[in-house]
Every structure is written in C-alpha cells, then in structure tokens.
Amino acid sequence: MDRDLARRLAAAYGTPLYVYDLDVVRARCRALRAAIAYRPFQPLYAVKANPCPAVVRTIIDEGFGIDAVSPGEVRLALRLGLSPARVLYTENSMSDAEQAEALAAGVLITAGSLDRLERLAAAGAQAVAVRFNPDVGAGAHPKICTAGPLTKFGIPQAELPRVLEISRRRGLRVVGAHMHIGSGFLESAAFAAACRVIFALARQLPDLAFVDCGGGLGIPYRPGEEPMDLAAFGAQLSADAEAFSAAYGQRIELRLEPGRFLVAEAGTLLTTVTSVKRTPWGRTFVGCDTGFNHLVRVAMYDAYHRIENLSRPEAEPAAVDIVGNICESGDVFARERLLPMPEVGDLLAIRDAGAYGFAMASHYNLRPLPAEVVIDGGQPRLARPRQTLDELLAGWRW
Ligand SMILES: Cc1ncc(COP(=O)(O)O)c(C=O)c1O
C-alpha cells in the first residue's frame, strides 16, 4: 500500500486502522503452491493468523482448506461455505463439549493427547488425525516454538505404540499424521529434521490418508533478513513426500498449514502520532493512538516491525522510542528506531502486521478494537467498522 492510499484510508476511516492487501495474500498463496511439486497436495490456512472473512475467503478461493483450533474458527470456515471435509480441527486442551460440536459438524479432529484419542473413540468417532511432537522445535521466539520437551502440544513421538494400541482396541482409524513445530522460521533445517521424524512415524500408521507438516514459514520482518528459500523448501519437502509415498506403497496427500506466510506482509497497522516527548535523559518518546492491545507481537515476542513515517518521509531522521497509549511500560513498538522525526498528527505505518495482529487484539484499558479495511485489486472496502465504546460496554449486564 503506497503512501497516498494509506493517507486517504486514514482520512476516510480514522486510525488506528488495519489494512490488508488481498493481492499480496493471493501472491503468497500462489508462491507456496508453486513451490510444492508433490501431488496430491492440499494446503490449509491456519486461520488463527488472521480471521478477517475477506482475507479467509481470498485464501479459500486459492484452493486452501482451513486449519482451525477452536469452535469459533470452525464456525467461521463453515460460514464461508467450506465443506467440513476441508476443515481440520487441531485441538489442544479441547473440552468434551467442543469435541461434540466438531463431530456434529463433520469436521476431522487432530488429537494432541492420548486421553483425547480415548474420548474421541468413546464418543463414536471413527477417524482421527494425530498431532505428534517430533522432539524437534523451531520458531522465532521460545513462546512460538511448539515442539520439543517444553511444549504442551502433540503426542510425544515415543508414544506411537500407545496410539497404535488405542487405535486397534477402539477401532479408531488414524487417517492423518500431523506436526507443527513452531512459527516464524526462515531457515528450514529444523523443519526438515522434524519432517523426517513425522514421515518415519507415518510409515507405521496403516490407515493413513494424509501427512500434515504444519505451518511456521516465516517472513523477513527485520531489515537485512532474507525471505525463505521457498523453492529449496518445496523441493526438499516434495522429495521427502515422494520417498515416503514410495515406501508406504500408496500416494498419500501432503498438507501444509501456514498462517503468517500468507498474510503477514499483506497487513499494515496505520496509527496517528498523539504525543512527542523529549526527556532530560535524552530519549524521545513518540506516542501513538494504538498500543499492544492492538498489536501485541512486540510486547509478547520481542518481535520487530518496520515502521514508516508516511506524513514526512523527508524529515531529518532521529532515534525515537515508538510507544502506544496503553498504561503499561511494556507498551513499546520500537526502541531507538531511526525514523524521519515525527510530529504530532503524523501518520505512521507499522508494516507486516497482517498476521497475529488484529487476531490477538484485546480491549485492554477499555480501548475499542480498530477498524479493518481490505484492498482488492487496488480498491479499498471496509471489512469491519471500528468498535464503538458503546458496543464494548454493552458486553456487560448493567
Ligand atoms: C497447529 C498450527 N498450525 C499452523 C499454525 C500456523 O503457524 P504459522 O502462522 O507460523 O504458519 C499454528 C500457529 O500457531 C498452529 O498452532
């Protein structure tokens, strides 16, 4: 999104404002598909990254299914017209009520624990996928590493015999072998190692229809970071899947379920500078009309987001701390960031905010959720109006 369009959108819809460019989303979907030569290949979208219906619809139209992790995400996928067969529910700490709802909807569940396998069988499920913990984790931060001994996710690979025993005893077919080892990797060595584990486990599952290698593909947030070598990633995965199918004696569907890779770079959070404070200790704080309530990634994961001053790109650069309007000292988007010196009223663009941005937003400090706009073929349209304070307060019984 260029500067003029951003300024027009901020003027029309106000700030803070999330903007998603659907053409970028489409391009990422196509790049991923093109990188995987193996067939059959069924990519899913991990909708938790950005559940905005216009974004999800765009990805579904590119032939993706949905990886859901809650009843709400299943409901969203079905409401967009996706058949239950194209939705996978990857559970963790699922309740029996949630299980019943998913089974009634006809959605396949990926069980992440042995007790869930037993409970699925007890509820009459005939087929299931199993999320394994392949002991190899990856990810841009420990909080988004989802495999290895410290994580709650998946059934440890050493417990495969127990999975087989439950499956035989209960007549529960394990039709999918699943892993998701972490989020935001740019380099695929750990992913490749985990794939070797999951394919080796899958060899021992007699009723297999698919192997799902999860998501986690990163994007270059920081200056100087290189994008993933998607061609090499796809070639390695396709070769592994070919070798697996040959050994298994049947062509098994390969799945991936990226979230961030498809949507992060499509999104920008526009915010207005509300305060510029120079302290006697030599720091300059640039305050904005948003905060970690709308984009928590920096506070939560020490993430980096590029930030641009759209109002005065020619101004003399200065090292500033860009902070939000939330009453917490951790409400910081960037420390000592070199930026054309902002003034009150300037429009800033926080880039690469399309994944885990609005999706993780809260109304902390009783600040309403921002609006969302999508740009489709260069044409903007409102996807979600800004929440009003009245709407926020109406959640309580007064
Ligand atoms: C089960 C599962 N699949 C896929 C993803 C998507 O990860 P990413 O957005 O890094 O591709 C996640 C993210 O947490 C996940 O938990």
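This is a predicted model: local features need pLDDT of at least 70, side-chain atom pairs count only at pLDDT 80 or more; totals for chains, interfaces and linings use all residues.
Here is a walk through this structure, from the overall fold down to a single residue.

Let's begin with the chain as a whole. DSSP runs give 12 helices and 18 strands. The radius of gyration is 22 Å, which agrees with the value near 21 Å that a compact globule of 398 residues would have. Along the principal axes, the C-alpha atoms fill a box of roughly 70 × 55 × 40 Å. Buried residues make up 46% of the 398. If you look at contacts with a separation of 6 or more, 68% of them join residues 24 or more positions apart.

Next, the domains. Domain 1 is built from two segments, 3–18 and 264–393, while domain 2 covers 36–258. Their centres, taken over C-alpha atoms, are separated by 33 Å. Where they touch, 18 residues of domain 1 are in contact with 14 residues of domain 2. On the domain 1 side, the elements that give two or more residues are α11 (297–301), β17 (371–376) and β18 (379–384). That side has 11 nonpolar, 2 polar and 5 charged residues.

Now turn to the ligand, which is surrounded by 18 residues. The closest of them are Ala46, Ser183, Gly215, Gly259 and Arg260. By class, the shell around the ligand divides into 6 nonpolar, 9 polar and 3 charged residues.

Strand β4 (residues 87–90) pairs with β5 in the parallel sense, over 3 bridges. Within this pairing, Thr90 has Thr110 of β5 as its bridge partner.

Finally, find Ile60 in helix α3, which spans residues 53–61. Why does Ile60 count as buried? A residue is buried if 20 or more other C-beta atoms lie within 10 Å of its own, and Ile60 has 20. Setting aside residues up to four places away in sequence, Ile60 touches Leu80 and Leu82. To relate this spot to the ligand shell, take Ser183, one of the residues closest to the ligand. Ile60 and Ser183 are 123 residues apart in sequence and 21 Å apart in space, C-alpha to C-alpha.

Conventions
Residues are numbered from 1 along each chain as its sequence is written. Helices (H or I, at least four residues) and strands (E, at least two) are DSSP runs, numbered from the N terminus. The radius of gyration is taken over C-alpha atoms; the globule rule is 2.2 Å times the number of residues to the power 0.38. A residue is buried if 20 or more other C-beta atoms lie within 10 Å of its own, exposed if 12 or fewer, and partly exposed in between; C-beta atoms are placed from the backbone. Two residues are in contact if their C-beta atoms, placed from the backbone, lie within 7 Å. Domain bounds come from an automatic or database domain assignment. Ala, Val, Leu, Ile, Met, Phe, Trp, Tyr, Cys and Pro count as nonpolar, Asp, Glu, Lys and Arg as charged, and the others, Gly among them, as polar. A residue is near a molecule or strand if its C-beta atom, placed from the backbone, lies within 6 Å of it. Two strands pair if DSSP finds at least two bridges between them.
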